[in-house]
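Let's walk through this structure together, starting with its charged pairs and ending at its ligand. Keep the 3D view open as you read.

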Amino acid sequence: MSLVVLAGPAGVGKGSIVKWILENFPDFMLSVSSTTREPRAGEVDGVHYNFVSTAVFETLIAEGQMLEWAQVHGKHLYGTPLNELTRAAALDKHLLLEIDLQGARQVSEKIPGALMIFINPPSFQELERRLRSRGTETEEQIQTRLTTARTELAAAGEFDHQLTNLDLEACARQVVELVHEAERGS
Ligand code: 5GP
């Protein structure tokens with residue numbers, strides 16, 4: 001079982017990459033994060049996120065139940081429950097963590113064997129176009145995400161591997177290949 005961190009700016013396509021891997025490779029599973037933000041249309045509690053109150057989230061932190069957590073885009077709290085690692089180990093699956101840069105840094109520090117992968121957009125302009133085209137954020141939220149994106153892109157060099165999401169399937173296949181290579185110890 002490998003712990004795989006997928007980081008990269010909002011809008012780069014991490015969610016689509018994860019979805020493609022889960023649909024095509026049964027040896028992978030997604031770590032379900034906890035968050036204090038409201039569910040979006042179509043999001044299912046326990047599947048996309050565990051949607052919790054700030055009070056519950058703070059209790060989880062205080063009880064040491066979070067592998068990592070961060071306040072993302074200066075607003076809501078997001079974190080990876082430690083029991084996702086136990087769940088993946090029990091199922092003998094590779095665990096994909098789709099998390100932000102602050103969280104990725106915490107995982108890298110706590111779990112030196114984690115495979116750290118950063119997904120780059122083809123260009124900043126393309127990132128902005130993708131963010132706008134998904135139509136889920138207000139203009140203010142888009143501007144916040146673009147500001148965070150600049151900070152995240154500047155930290156790409158901290159990761160074990162950097163990929164560019166020019167083509168969703170090609171990029172997702174590269175992620176799977178990196179994990180399988182690491183598993184083989186090559
Ligand atoms: P969204 O609200 O669009 O689902 O996610 C916003 C950001 O939160 C994304 O960049 C995503 O990677 C990050 N995120 C989601 N879950 C976690 C988590 O468990 N920990 C951290 N640190 N970031 C997360």
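The count of salt bridges comes to 13, where a salt bridge is a side-chain nitrogen of Lys or Arg within 4 Å of a carboxyl oxygen of Asp or Glu. One to look at joins Arg 129 and Glu 126, with the closest N and O atoms 2.9 Å apart. These two residues are three apart in helix α5 (residues 124-133), so about one helical turn separates them.

A word on the model: it is predicted, so local features need pLDDT of at least 70 and side-chain atom pairs count only at pLDDT 80 or more, while totals for chains, interfaces and linings use all residues. Residues are numbered from 1 along each chain as its sequence is written, and side-chain values use heavy atoms, with hydrogens and water left out.

Now turn to the ligand. Around it are 16 residues, of which Ser 33, Arg 37, Tyr 49, Glu 68 and Tyr 78 come nearest; a residue is near if one of its heavy atoms lies within 4 Å of the molecule. By class, this shell has five nonpolar, five polar and six charged residues.

Which polar side-chain atom lies 2.8 Å from a nitrogen atom of the ligand? That atom belongs to Asp 100.

Conventions. A polar contact is a pair of N or O atoms within 3.5 Å; within protein, one must be able to donate a hydrogen and the other to accept it, and residues adjacent in sequence count only if both atoms are side-chain atoms. Ala, Val, Leu, Ile, Met, Phe, Trp, Tyr, Cys and Pro count as nonpolar, Asp, Glu, Lys and Arg as charged, and the others, Gly among them, as polar. Helices (H or I, at least four residues) and strands (E, at least two) are DSSP runs, numbered from the N terminus.
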